[in-house]
Amino acid sequence: MSERKEDFENLMRVRVAAARHIATDVRRFDLESEGGAPLPGFHAGAHVDIVVHLPDRTRALRAYSLCNAPSEKPERYTVAVLYEADGTGGSMFLHESIRAGYVIDISPPRNYFELVEDAEYSVLIAGGIGITPILAMAHELAAEQKPFELHYAAKSPEDMAFRDTIEPNFGEQARLYFDGGDPAKGIDLGAVLGPPSPGRHAYVCGPKGMIDAVRATAEAAGWDEANVHFEVFTPPAPLSGDAPVEVVAAKSGITVQVAKDQPILDALEDAGVICDSDCRMGICGTCAVKVLEGEPAHRDNVLLKSERAEGMMCTCVSRATTPRLVLDI
Ligand code: FES
């Protein structure tokens, strides 16, 4: 995520009402407004960005899905954070430095992973800490009495966060799997996805391997890719083969030279091109523009194949396989 100064504006100050260990390497944080007033409402799939302090003493934002039941005026937000020893330091900060009673800064909720309003049936699939947005979805669907099933895999009972919430709340609609770390012993994806139909939607959050497997299984079964929904908060890492690229903003009449480690979106904005953007990590689609010349190297997790075929690209994360791109912006 290429953070900018303005990303740290419009933050909310919240108090950590409770912080506790709920599974192996997972801590749950309940957040409430300092004065006890309701917080901004949200729908399932929403996340907040939390300000964290990294080991190099810089501030950064890290996105965490809200996993409590959605509400118009929630008293609390609940997030759960997996400790990632080889991460960039955000989870380490939250695990080691944040305790109940502390005050932290967060963004208002944003949602790039919404339930489809008129879905006839929803299949929810979660792996490990990926349960967080999926749990909010189960709460929302249950509250609206919409049909769904939840499939949730973890290595062992000790690794499964929110088991104590899921079993009493969702009963037989939820199926739990303990795969010992071997996905082949977990969810039978072909069976739970079932045959495609226009009103059947699948939502998956978990390790990349699980998301890829769900997408591949659905594609092989003939699902429309627009009916398979997923969210990945990890922005794509730069590749060693990334090269500088010249980008022409055709409508703006501006040409920029983009360094090999610089997001195209940042370079365009720095040169004065007005760009729409939101997540800046390839998951919302707000920055998508049409490529008029050149070949994009797609790194986003949001554009459909049909949109890529029409020449769209996300400038926040994608690059080019040609030395020059001309964009319709
Ligand atoms: S700003 Fe969200 S995909 Fe680029």
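How accessible is Glu-293, and does this residue count as buried, partly exposed or exposed? At 46% relative accessibility, Glu-293 counts as partly exposed (buried means under 20% relative accessible area, exposed over 50%, partly exposed in between, using a 1.4 Å probe and protein chains only).

This is a predicted model, where local features need pLDDT of at least 70 and side-chain atom pairs count only at pLDDT 80 or more, while totals for chains, interfaces and linings use all residues. Residues are numbered from 1 along each chain as its sequence is written, and side-chain values use heavy atoms, with hydrogens and water left out.

**View 1. Glu-293 joins up with Arg-324.** The two form a salt bridge with their closest N and O atoms 3.5 Å apart (a salt bridge is a side-chain nitrogen of Lys or Arg within 4 Å of a carboxyl oxygen of Asp or Glu). Glu-293 sits in strand 15 and Arg-324 in strand 19, so this pair ties together parts 31 residues apart in sequence. (Helices, H or I with at least four residues, and strands, E with at least two, are DSSP runs numbered from the N terminus.) Arg-324 is partly exposed too, at 37%.

**View 2. Glu-219 meets Lys-305 in another salt bridge.** Here the N to O distance is 2.7 Å. Glu-219 belongs to helix 5 and Lys-305 to helix 7, so the pair ties together parts that are 86 residues apart in sequence.

**View 3. Strand 11 is mostly covered.** Six of its six residues are buried. Arg-200, Ala-202 and Val-204 point one way, and His-201, Tyr-203 and Cys-205 the other. Strand 11 runs parallel to strand 8, joined by six bridges, and pairs in the parallel sense with strand 12 over three bridges (strands pair if DSSP finds at least two bridges between them). Look for Tyr-121 opposite Arg-200, and for Tyr-203 with its bridge partner His-229 in strand 12.

**View 4. The largest nonpolar core has 29 residues.** Such a core is a set of buried Ala, Val, Leu, Ile, Met, Phe, Trp, Tyr and Cys residues joined through side-chain atoms within 4.5 Å. Leu-124 and Ile-131 are among those with the most contacts inside this core. Helix 2 gives the most to it, with seven residues. Leaving aside neighbours within four places in sequence, Leu-124 is in contact with residues including Ile-134, Phe-148 and Tyr-203 (contact means heavy atoms within 4.5 Å).
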